Amino acid sequence: MKTLYNFSAGPSVLPKEVLLDAQKNLVDFEGCGMSVMEMSHRSKEYDIIIKKTEELFHEVMGIPDNYKVLFLQGGATQQFGMIPMNLLAKNGKADYVITGIFSNTAYKEAQLVGGPTGKTISAAGSTKEENYKRIPEQNELKLDPAADYLHICENNTIIGSKWKYLPDAGKVPIVSDMSSCILSEPVDVSKYGLIYAGAQKNIAPAGVTIVIIKKDLIYDPLPGTPTMLNYKVQAENDSMKNTPPCWPIYIAKLVLEYLQKNGGLAAMKAHNEAKAKVLYDFLDSTDFYKSHVVAKDRSIMNVTFRTESDELDDKFIKGSVAAGMSNLKGHRDVGGMRASIYNAMPKDGVEYLVDFMKKFEKENK
């Protein structure tokens with residue numbers, strides 16, 4: 001089998017152990033005579049899978065009993081509209097902190113939902129004018145104590161930044177897009193009203209979206225909210241109002257079991273910090289490469305950097321492919337390079353990248 005280090009921002013690398021386990025049961029799941037991809041979501045076999053997956057999320061993340069885990073579709077992007085549809089039904093106000101492309105998109109989507117009905121969607125803070133190179137400080141945020149929720153994107157996949165503190169929003173529930181950092185480190189779920197994440201970074205293949213919502217936020221949504229976009233309907237039906245994304249949920253189960261077996265999220269945090277340190281220590285040791293984000297706000301999941309020119313960046317990307325690495329090209333809105341080093345990326349992969357970076361610098365400086 002060809003050795004390839006996959007630095008894709010998503011869909012991304014999955015633990016090989018999980019893939020082999022899935023392969024073993026691909027045709028005949030645990031002797032039941034059919035694949036998980038074939039079985040009815042109403043079958044007793046699949047009922048065990050989805051219930052066990054929800055149970056594992058509670059165990060691995062330490063989710064309190066007063067939260068519901070939902071398995072939805074449409075990606076995190078659909079949550080940009082679904083959140084205001086469901087949570088704006090009380091005071092009709094929401095605060096958004098804009099720290100990257102996705103949080104800005106979420107803010108605009110909330111305006112589409114709330115604007116026509118007179119709801120107030122406010123930008124409570126933004127670093128857009130600085131090309132999102134940092135996370136705003138608490139004293140820069142203009143928060144409304146009457147807001148129905150405060151929305152943040154905890155890890156900015158495209159930019160490569162990460163919130164290292166949770167904003168003090170008083171009694172206002174915090175809604176967090178954790179698509180590219182969920183399961184990478186321990187999280188105190190009780191400090192959030194709602195956490196959501198597309199699966200294709202650290203959880204499973206694309207197709208399922210995880211929503212962890214405090215039960216007292218599950219109430220009647222805005223009038224006209226479609227049935228399938230209603231948290232209350234989804235919660236009452238245990239994510240089974242229609243056929244759920246069965247296969248990605250099954251892979252999520254395997255990933256969660258893998259995490260439990262390998263020390264849980266505390267061990268994963270140590271693993272991820274060690275990988276990121278290898279790369280950031282090198283970036284800080286040279287002036288050939290430039291990091292996009294200020295040091296204190298750097299992500300340990302998505303590392304963005306560039307050389308002195310677009311031409312040299314292109315040469316780097318082509319050379320990295322030839323050297324057995326994939327998907328190091330940065331997002332079009334940032335340029336340069338991006339190394340996404342999610343849970344399943346081994347430290348060896350990051351060390352291999354750094355060795356290539358040193359060689360490329362020597363040959364092109």
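In this predicted model, Phe-360 counts as buried, since its relative accessibility is 5%, below the 20% under which a residue is called buried. Phe-360 belongs to a cluster in which ring pairs link Phe-282, Phe-288, Tyr-289, Phe-305, Phe-316, Phe-356 and Phe-360, and the protein as a whole has 17 aromatic pairs.

Two of these pairs involve Phe-316, a buried residue with a relative accessible area of 0%. The rings of Phe-316 and Phe-356 have planes at 75°, so the pair is edge-to-face, and it links distant parts of the chain, with Phe-316 in helix H8 (residues 310–322) and Phe-356 in helix H9 (residues 347–364). Phe-356 is buried as well, with a relative accessible area of 13%. The rings of Phe-316 and Phe-360 have planes at 80°, so this pair too is edge-to-face, and it again joins helix H8 to helix H9.

| Ring pair | Distance between centres | Angle between planes |
|---|---|---|
| Phe-316 and Phe-356 | 5.1 Å | 75° |
| Phe-316 and Phe-360 | 5.2 Å | 80° |

Turning to the whole chain, the protein has nine helices and 14 strands, and its C-alpha atoms fill a box of roughly 60 × 55 × 30 Å along the principal axes. A compact globule of 365 residues would have a radius of gyration near 21 Å, which agrees with the 21 Å of this protein. Buried residues make up 56% of the 365 residues, while the accessible surface comes to about 16000 Å², of which carbon and sulfur atoms hold 51%. There are 44 positive and 45 negative side chains, and the centres of the two sets lie 2 Å apart.

Key
Residues numbered from 1 in each chain as written. Predicted model: local features only at pLDDT ≥ 70, side-chain atom pairs only at ≥ 80, totals over all residues. Heavy atoms only, no water. Helix = DSSP H or I, 4+ residues; strand = E, 2+ residues; numbered from the N terminus. Rg over C-alpha atoms; globule rule 2.2 N^0.38 Å. Buried < 20%, exposed > 50% of the residue type's maximum accessible area, 1.4 Å probe, protein only. Areas by Shrake-Rupley, 256 points an atom, 1.4 Å probe, with all protein chains shown as cover. Lys, Arg positive; Asp, Glu negative; His and termini not counted. Charge placed at Lys NZ, Arg CZ, Asp CG, Glu CD. Phe/Tyr/Trp six-rings, centres within 6.5 Å; stacked < 30°, edge-to-face > 60°.
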